Amino acid sequence: MRTVIFKSCFKDDMQSFMEYRVATFAWNTYRLDNYRLSSFDRYLTKISYNDEIVPQTIINQWLNDVGVPEASINGYIKTIRNFMKYRADMGKVVYLPPFQKTKDLYIPYIFSDEELSNIFAIADAYPMTNKFSSIPHIHMEMAVLIRLLYCCGLRLGEALNLKMEHLDLENGVIRIIHSKNKKQRLVPMHETLTNMLKDYCKVIKIYGIDNPFLFPGQSEHLSPITAERQFKKILRKAGIIKGNEDPHKRANFARPV
C-alpha cells in the first residue's frame, strides 16, 4: 500500500493516528482506516478547511462528495469517530458524528442440502499444495474450517483464533474466548466432527507443540482473507453463483457430517 501524505489542517494528528492504528490493529482495519481518512483529508484540503472542530454539515458534504454507498456510510463514520476520539484523548475539543440509521441491505443466502454436500465433497478433494508452500496444509484446513463454521455456528474470526488449548476433544467441546462483545462461551460438537478434529490434529502434527493455532497460516493463524479466497474457489467449483460468496454463513444448530 502506498504511503499517504496528509495535507489538511489535521495532517499531523492523522499521521500519528495511522501510526497508532497500524501498530495496534489488524492489517485490514488499518487499510480501511487509511483509505477513508485519506479521503476525508483530501476533501478538507479541497475546501481549505481550517477550523479545529469539524461539524456534521462538513462530514455530510464529504460523504456526498465522494459518493459513499448507503451500506458503507457507517463504516466511514466509524473511522472519523475513532480519529476524533484519538484527538480527544490528546486533550483536544472534537465533535463525534453519530452513526446513521441505514437500511439493512444484506440478504442472507441459505445453502441447500445438495449445495452443502457438494461444498463438503469439493473441500475434501481439495488439491494438495507444494510441500514448500507457506501454508502446506491448506487443503486439509479448509475441509475442517468449513465444517466448524457450519456445524458449530462459529464466526470466521472465532474459528481462526482457536488454539489447541480451546479444544476439549475428549468431551467434544470448544471454548470460544474471542467472541462477540468479548464474551466466552462453550460450543458442543457432534461426535463425527470431534473425531475428524482428532485425526486432523494428528495429520498436520500440532499435537505436542506449545499451544499452536488450530488453523496455522503464514505467520500465526490462517488469515480471514486467505480463508475467504479459498472458499470462493470452492464455491466457484461447486457452481454456486458469485453473489453468494460468504465464507462464514452461520447455522444455529449442529448436525453430523
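User: What span should the 20 residues of helix 2 have at 1.5 Å a residue, and how far apart are its end C-alpha atoms?
Analyst: This is a predicted model. Helix 2 covers residues 27-46. The expected span counts one less than the number of residues, so at 1.5 Å a residue it should come to 28 Å. The end C-alpha atoms agree with this, being apart by 28 Å.

User: Which helices do the buried residues of helix 2 pack against?
Analyst: The buried residues of helix 2 include Tyr 30, Asp 33, Leu 37, Phe 40 and Leu 44. An α-helix has 3.6 residues a turn, so residues three or four places apart point the same way. The partners of the buried residues in helix 2 are helix 1 (11-24), helix 3 (56-66) and helix 4 (73-89).

User: Is Arg 21 buried or exposed, and what is its relative accessible area?
Analyst: Arg 21 lies in helix 1. Buried means under 20% relative accessible area. Arg 21 falls under that cut-off and is therefore buried, its relative accessible area being 6%.

User: With which side chain does the side chain of Arg 21 make a polar contact?
Analyst: Leaving aside neighbours within four places in sequence, Arg 21 is in contact with Thr 29, Tyr 30, Asp 33 and Asn 82. One of the buried residues of helix 2 is Asp 33. At 2.7 Å, the polar contact of the Arg 21 side chain is with the side chain of Asp 33.

User: Which element gives the most to the largest nonpolar core?
Analyst: The largest nonpolar core has 46 residues, and Leu 145, Leu 148, Leu 154, Ile 174 and Leu 214 touch the most other members. Among the elements giving two or more residues to this core are helix 5 (113-124), helix 6 (138-152), strand 2 (173-176) and helix 8 (191-203). With 11 residues, the element that gives the most is helix 6.

User: What share of the contacts in the protein with a separation of 6 or more comes from residues 24 or more positions apart?
Analyst: The secondary structure comes to nine helices and three strands, and from the N terminus on the elements run α-α-α-α-α-α-α-β-β-β-α-α. Of the contacts with a separation of 6 or more, residues 24 or more positions apart account for 60%.

Conventions: Residues numbered from 1 in each chain as written. Predicted model: local features only at pLDDT ≥ 70, side-chain atom pairs only at ≥ 80, totals over all residues. Heavy atoms only, no water. Helix = DSSP H or I, 4+ residues; strand = E, 2+ residues; numbered from the N terminus. Contact = heavy atoms within 4.5 Å. Buried < 20%, exposed > 50% of the residue type's maximum accessible area, 1.4 Å probe, protein only. Polar contact = N/O pair within 3.5 Å; in protein donor to acceptor, adjacent residues only side chain to side chain. Core = buried A, V, L, I, M, F, W, Y, C linked by side-chain atoms within 4.5 Å.
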